[in-house]
Each structure stands twice: as C-alpha cells, then as structure tokens.
Amino acid sequence: MLAAGKLFFGDKEISLEQYCEDFLRDVYQSEYSSEVDEGIRQFCEDVSSGRLQLRIHPTKDLHAKFYLCLPKNHSEHSDGWVIMGGSNLSAQGLGTTEPPRYELNVAMKDYDDVHYCEEQFQQLWDDAIPVTLDDVNHIVGKTHLAPEEHQPTPYELYMRMLIDHFGNQIEDDFIPQLPDNYREFV
C-alpha cells in the first residue's frame, strides 16, 4: 500500500510526523467500538508480520487510485490487470454509504498499459519513506490501545469523556448543562 501524502519536500521526519498526526486524528474522531479497536490491532499485526507495507511519498501529493494485479515474473505472455478509477477501499468508495456514491473504474489488461502502471508504481514505491512497526507502535502508544504501562490515567479518561460529551463547550469557567439522568455530587 502506498499512502498518499502531502508535499513534505523530502523531509522524512516531517512526513512521518504528519502521518502520525493524521492517524491519531482518525483514531480520535472515529466512533468508539470494539470493531474499530480490533481493526487497529489487526492493522498493527499486519504491519508487524509484513503482510501490509506502508510508505509515505515525501515529494508528491498522490491521489491516483489503481489496483495492480500481477503474477510473479509478469511478462507479455502472462495475465496482469490494472483497475483504475475513482473507487477506493473506503465505505464511500465501496458504495456502502447512503446514498451510495457512484464510482467509475476501468480495467486494463493490455501488457503495455499494465507494464507502464507497474513501472510508475515501482518508481513511487522506491522513492517513498517506509512506515515501520516502530512508527506504528509509537502512534498506537498515544491512543487508548497503548500497552498497559502507557494506559491513560483515570483523570485523562475523565477528561476525554468530558471532551467527547461536551465537545468545544469546555472552558475554564464551564458550567455544563447536564442531561436529566446525571446527578451533581457536592
């Protein structure tokens, strides 16, 4: 997987820092569920096992979506496919949202087309910065899924609950409008 990046002007540290911020934002903004937690754990396991490889391109703002399906030792005598278009592997891209989004894709099988896409992908991949398991563990360590020694304190959990429930209303002199089923303890 080649993660689409912003323009980082070749700076590896800034690229990884931005990826970390984007990842954390996605975790913090996602609705809490055991499925989300399991998905993040599976993501970490897939990176750890090498099943999933991530890279960030430090100089190109990538948006192209294509799926390259190649047999080992692809040649003009073997089948290869490129599926190119607007679809991605998000809920919207897969058409599972209401209303479903229309996405158009084109499948190409001609060797010259497939080979061209293979070369383009390989060049982008070679120029990109790997996201390592250490990078992923560093990011996950900043979430509620951190190993036990890095778990949030009860106070941090309480603050997170307040922020989740009251959002941007919280200020120094904040007096909340509590729901009817909350009791105030003095």
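How exposed is Arg 25, in terms of relative accessible area? Arg 25 is partly exposed, with a relative accessible area of 39%; the class lies between buried (under 20%) and exposed (over 50%), as computed with a 1.4 Å probe and protein chains only.

## Basis of the values

This is a predicted model, in which local features need pLDDT of at least 70 and side-chain atom pairs count only at pLDDT 80 or more, while totals for chains, interfaces and linings use all residues. Residues are numbered from 1 along each chain as its sequence is written, and side-chain values use heavy atoms, with hydrogens and water left out.

## Overall architecture

The chain contains five helices and six strands, taken as DSSP runs numbered from the N terminus (helices: H or I, at least four residues; strands: E, at least two). Read from the N terminus, the order of elements is β-α-α-β-β-β-β-α-β-α-α.

Of the 186 residues in the chain, 25% are buried. Among contacts (heavy atoms within 4.5 Å) between residues at least 6 apart in sequence, 65% join residues at least 24 apart.

## Salt bridges

A salt bridge requires a side-chain nitrogen of Lys or Arg within 4 Å of a carboxyl oxygen of Asp or Glu, and the count by this rule is three. One of them joins the side chains of Arg 25 and Asp 22, with an N to O distance of 3.0 Å. Because Arg 25 and Asp 22 are three residues apart in helix α1, about one helical turn separates them.

Asp 46 and Arg 51 form another salt bridge, in which the closest N and O atoms are 3.6 Å apart. Asp 46 is buried, at 14% relative accessible area, whereas Arg 51 counts as exposed, at 66%. Asp 79 is bridged to Lys 109, with 3.4 Å between the closest N and O atoms. This pair links distant parts of the chain, 30 residues apart: Asp 79 belongs to the loop between β3 and β4 (81-85), and Lys 109 to the loop between β5 (105-108) and α3 (111-127). Lys 109 is partly exposed, with a relative accessible area of 40%.

## A buried charge without a salt bridge

Asp 37 is found in helix α2 (residues 34-49). Asp 37 is buried but has no salt bridge, and the nearest side chain of opposite charge, that of Arg 41, is 4.4 Å away. Lys and Arg count as positive and Asp and Glu as negative, while His and the chain ends are not counted. Leaving aside residues up to four places away in sequence, Asp 37 touches Tyr 32, His 144 and Leu 145.

## Surface patches

Patches consist of residues with over 30% relative accessible area and no salt bridge, like charges being joined within 9 Å and nonpolar side chains (Val, Leu, Ile, Met, Phe, Trp, Tyr) within 5 Å. The place of a charge is NZ of Lys, CZ of Arg, CG of Asp or CD of Glu. Asp 11, Glu 13, Glu 17 and Glu 21 gather in a surface patch of negative charge. Glu 21 lies in helix α1 (residues 12-29) and is partly exposed, at 42% relative accessible area.

A nonpolar surface patch is formed by Tyr 67, Ile 83, Leu 89 and Leu 94, which together have about 390 Å² of accessible area. Tyr 67 is in strand β3 (residues 66-69) and is partly exposed, with a relative accessible area of 31%.

Terms used: Accessible areas come from the Shrake-Rupley method with a 1.4 Å probe; for residues, only the protein chains shown count as cover.
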